[in-house]
Amino acid sequence: WRFFTEHFCQAHQTRFGLDVTGASNLGELQEKLRSTCMVRRVKSQVLPELPAKTHAMLPMALPRDAQKQYDRVEADVVGWMAQRAANDAEFLASIADLDPAAQEQARAERGRDAAYRAAQAETLVKMEQLKQVAAAGKLDAVKQWAADFLESGEKLVVFAWHTAVVDEFAREFGAPSITGQTPLVARQAAVDRFQTDPECKVIVCNIQAGGVGITLTASSNVLFVEYPWNPGLLDQAADRTHRIGQHYPVTIWQSVAAGTVEEDILETIGQKRSVIVQATDAQGDGAGAGSVMNEVVRRLLERRQQKGV
């Protein structure tokens with residue numbers, strides 16, 4: 001672990017503990033993977049006839065009241081994170097004099113501690129709360145953008161994370177929807193209606209429930225209202241339109257609440273994708289959810305410190 005993180009992850013100590021989120025020597029890593037355990041083919045290699053896929057950002061300013069609410073929630077979240085970072089720094093200082101093997105054992109024991117695991121889970125809860133507030137603040141603007149887009153006569157696939165957001169969009173546009181609660185028969189009926197009915201211009205899907213196993217090639221436009229922590233889920237959902245049967249270039253519209261954690265999430269996902277490409281010479285599923293969230297947390301803490309908050 002120590003060799004791998006130092007050689008391939010640019011491991012280094014920060015005020016928040018050991019940072020292993022970097023990337024280095026990726027050509028060497030790719031060579032080791034391909035020579036030992038990895039055979040990989042990507043969509044562009046096996047389906048070269050597919051049209052291009054483009055990502056487009058849709059920055060949206062939050063209304064004043066929504067911005068104030070977001071700032072309050074962010075301050076609360078960052079304060080809690082800062083206290084956790086201080087605890088982590090104190091723990092690292094307490095084991096600094098131990099030999100490397102003893103340090104790794106101490107970290108492993110701490111990772112098994114129930115209170116530590118509970119704090120890790122609480123981190124996810126608080127970050128999800130921050131994401132929800134950001135998404136809620138831009139919701140009216142996103143719906144207006146979708147309404148304007150539909151004036152073109154083209155169909156649109158909409159993805160969101162929370163069921164309440166999926167339901168709200170489905171009601172707004174009289175659209176079929178797919179969530180984790182949708183029965184299989186109703187799920188297929190929703191897909192068939194969108195694929196075959198020229199009057200059905202929108203389908204709204206939960207990213208997890210509608211992000212795999214279905215084909216939505218009746219549209220070449222995908223709108224994301226919310227985002228998961230796992231980049232692989234994001235890419236799989238977008239590819240419901242970018243598959244066999246698609247004849248037009250696909251555009252992935254990414255709505256983002258300006259000045260919020262959504263900017264950090266999308267930027268981090270883009271950077272992690274780049275690392276995966278360099279390490280595997282392929283477009284992969286991106287980094288894991290934990291990797292993305294940890295990087296976003298780090299960005300939040302540093303930005304608040306720079307502001308002197």
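# Close-up views of a predicted model

**Figure 1. The largest nonpolar core.** Among the 47 residues of the largest nonpolar core, the ones touching the most other members are M127, F159, I178, I203, L216, F224 and V261. Helix α4, spanning residues 64–94, contributes the most to this core, with 7 residues. The model shown here and in the other views is predicted. In soluble globular proteins, nonpolar side chains tend to be buried together.

**Figure 2. Surroundings of M127.** M127 is one of the residues of the largest nonpolar core that touch the most other members. Neighbours within four places in sequence are left out of this view. Beyond them, M127 is in contact with V77 and M81, with W229 and V261, and with M293, V296, V297 and L300. V261 is itself listed with M127 among the residues that touch the most other core members.

**Figure 3. The side chain of Q246 and two backbone atoms.** Q246 is located in the loop between α10 (231–238) and β8 (250–257). Its relative accessibility is 5%, so Q246 counts as buried. A polar atom of the Q246 side chain lies 2.9 Å from the backbone oxygen of S219. The backbone nitrogen of Y248 is 3.1 Å from a polar atom of the Q246 side chain.

**Figure 4. The salt bridge between K53 and D239.** K53 and D239 form a salt bridge in which the closest N and O atoms are 2.7 Å apart. Because K53 belongs to strand β3 (residues 53–60) and D239 to the loop between α10 and β8, the pair ties together parts that are 186 residues apart in sequence. K53 is partly exposed, its relative accessible area being 30%. D239, with a relative accessible area of 13%, is buried. The count of salt bridges comes to 10. Side chains of opposite charge can pair when their charged atoms come close.

**Figure 5. The salt bridge between E128 and K131 in helix α6.** The closest N and O atoms of the salt bridge between E128 and K131 are 3.2 Å apart. Both residues lie in helix α6 (residues 114–150); they are 3 residues apart and therefore separated by about one helical turn. E128 is buried at 14% relative accessible area, and K131 is buried at 7%.

**Figure 6. The salt bridge between E262 and K138.** The side chains of E262 and K138 meet in a salt bridge, at 2.9 Å from N to O. This pair links distant parts of the chain, since E262 is in helix α11 (residues 261–280) and K138 is in helix α6, 124 residues apart. With a relative accessibility of 3%, E262 counts as buried. K138 is buried too, with a relative accessible area of 0%.

**Figure 7. A nonpolar patch on the surface.** W1, L18 and V20 make up a nonpolar surface patch, and together they have about 270 Å² of accessible area. L18 is part of strand β2, residues 17–19. The relative accessible area of L18 is 31%, so this residue is partly exposed.

**Figure 8. Helix α11 at K272.** K272 lies in helix α11. K272 is buried, with 10% relative accessible area. The C-alpha atoms of K272 and P231 are separated by 8.4 Å, and the two residues are 41 residues apart along the chain.

**Figure 9. Surroundings of T179.** T179 sits in the loop between β5 (177–178) and α8 (184–196). Its relative accessible area is 8%, so T179 is buried. Apart from residues up to four places away in sequence, T179 touches T163, V166, D167, N206 and A209.

**Figure 10. The chain as context for the views.** The chain has 12 helices and 8 strands. Of its 309 residues, 45% count as buried. Contacts between residues 24 or more positions apart make up 76% of the chain's contacts with a separation of 6 or more. The accessible surface of the chain is about 15800 Å², and 52% of that surface belongs to carbon and sulfur atoms.

Key. Residues are numbered from 1 along each chain as its sequence is written. This is a predicted model: local features need pLDDT of at least 70, side-chain atom pairs count only at pLDDT 80 or more; totals for chains, interfaces and linings use all residues. Side-chain values use heavy atoms; hydrogens and water are left out. A nonpolar core is a set of buried Ala, Val, Leu, Ile, Met, Phe, Trp, Tyr and Cys residues joined through side-chain atoms within 4.5 Å. Buried means under 20% relative accessible area, exposed over 50%, partly exposed in between (1.4 Å probe, protein chains only). Helices (H or I, at least four residues) and strands (E, at least two) are DSSP runs, numbered from the N terminus. Contact means heavy atoms within 4.5 Å. A polar contact is a pair of N or O atoms within 3.5 Å; within protein, one must be able to donate a hydrogen and the other to accept it, and residues adjacent in sequence count only if both atoms are side-chain atoms. A salt bridge is a side-chain nitrogen of Lys or Arg within 4 Å of a carboxyl oxygen of Asp or Glu. Patches are made of residues with over 30% relative accessible area and no salt bridge: like charges are joined within 9 Å, nonpolar side chains (Val, Leu, Ile, Met, Phe, Trp, Tyr) within 5 Å. Accessible areas come from the Shrake-Rupley method with a 1.4 Å probe; for residues, only the protein chains shown count as cover.
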